[in-house]
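Biologist: Please pick one part of this structure and take me through it closely, with every cut-off spelled out as you go.

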Amino acid sequence: MFKELDPILHSQLRLAVMSLLIGVKEAEFTFIKEKTNATAGNLSVQVQKLRDCGYIDVVKQFKDNYPQTTCKITPAGIAAFEAYVKALQAYLQP
Amino acid sequence: MNTEKNLTEQESLRLITDMLRKAKGSYHETGIGPLLWGTVVAVASVVTFLERHYQFKMPFDIWLIVLFAIVPQVIISIREKQNAKFKQYDDDMIDSVWLVFGISIFALGFFQNTVPAASAKHFAAEGWTLIRHYTDGSQPDRPQTPMVLSFYSIYILFYALPTLVTGLTKKFWPMTFGAILTYGFFIVSCYVPLEYDMLLGAAAALVCWFIPGIILRTKYLALRKQHV
């Protein structure tokens, strides 16, 4: 019996954000936007969804008078990502 | 990137691999720090070699440039931290290693400048002194200040340590290769006269920091060009 893939992670942009954040300690919104080639509006919505699920922490502050948004994966996010990858492996095993 | 596109399992796996690769391959090191220290230490070492080899003295201690280089280094570090768009898990560890290295190098300098005079005092208190005696009798015996022989070898050994940690942790082969070469320079320096240790130290500064610095700078500028 195959496990159902987490619908929050089984979306192209959200999965891209989580995959990027799992490889770094924290990253600025602009860095994630650059690496995912997403639009600011679209990315903002998906980041908010991940935050609402408790998968990432989002810190908004000002740096040199400009707003700065920093994202960081949470322990719940790491667990969900690991579970997603395990479920994927189950699907892909012959 | 499309948000709600239905991904196949293969596409998901490809996307994860691709993003992990992008995170791993991201640099925020501008290369200026290694270039600065590679230049400063190489110049100071070569000038010291020339002073000893051609028997002249500079009007000031050339190693003072190391002290002056601390100010731009602090500014560079603060700017790089401010401009970094992401932080990797091992960044704090690497920073700590370099901080400990800096403190240890200055502690070595303190040791080198303090121990000979302190030793001479202890010897004098015990009622004896070191004498320089020429075995061929060409010159009369004369008092000799205690000294630590081939001390620059220890500096060369220290140069390799944080460089190898950084090279291995960041999987940055130019630093790993430079550090391994420097361990070789350390062994050679144990056998050659002190003035040649200075040349080996200059070579160590070039392979540990200057050359990796050029490579980092080139990569950094190429990435910046892509993002303009």
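Modeller: Happy to! Chain A has an accessible surface of about 5000 Å², and carbon and sulfur atoms own 54% of that (Shrake-Rupley method, 1.4 Å probe; for residues, only the protein chains shown count as cover). This is a predicted model, where local features need pLDDT of at least 70 and side-chain atom pairs count only at pLDDT 80 or more, while totals for chains, interfaces and linings use all residues. Residues are numbered from 1 along each chain as its sequence is written, chains are lettered from A and ligands numbered from 1 in the order in which they are written, and side-chain values use heavy atoms, with hydrogens and water left out.

For orientation, chain A holds four helices and three strands (DSSP runs numbered from the N terminus: H or I of at least four residues for helices, E of at least two for strands). Read from the N terminus, their order is α-β-α-α-β-β-α. Of the 94 residues in chain A, 46% are buried, meaning under 20% relative accessible area with a 1.4 Å probe, protein chains only.

Now the close-up. Strand β2(A) covers residues 56-63 and strand β3(A) residues 66-73; eight bridges pair them in the antiparallel sense (pairing takes at least two DSSP bridges).

Technical notes: Buried means under 20% relative accessible area, exposed over 50%, partly exposed in between (1.4 Å probe, protein chains only).
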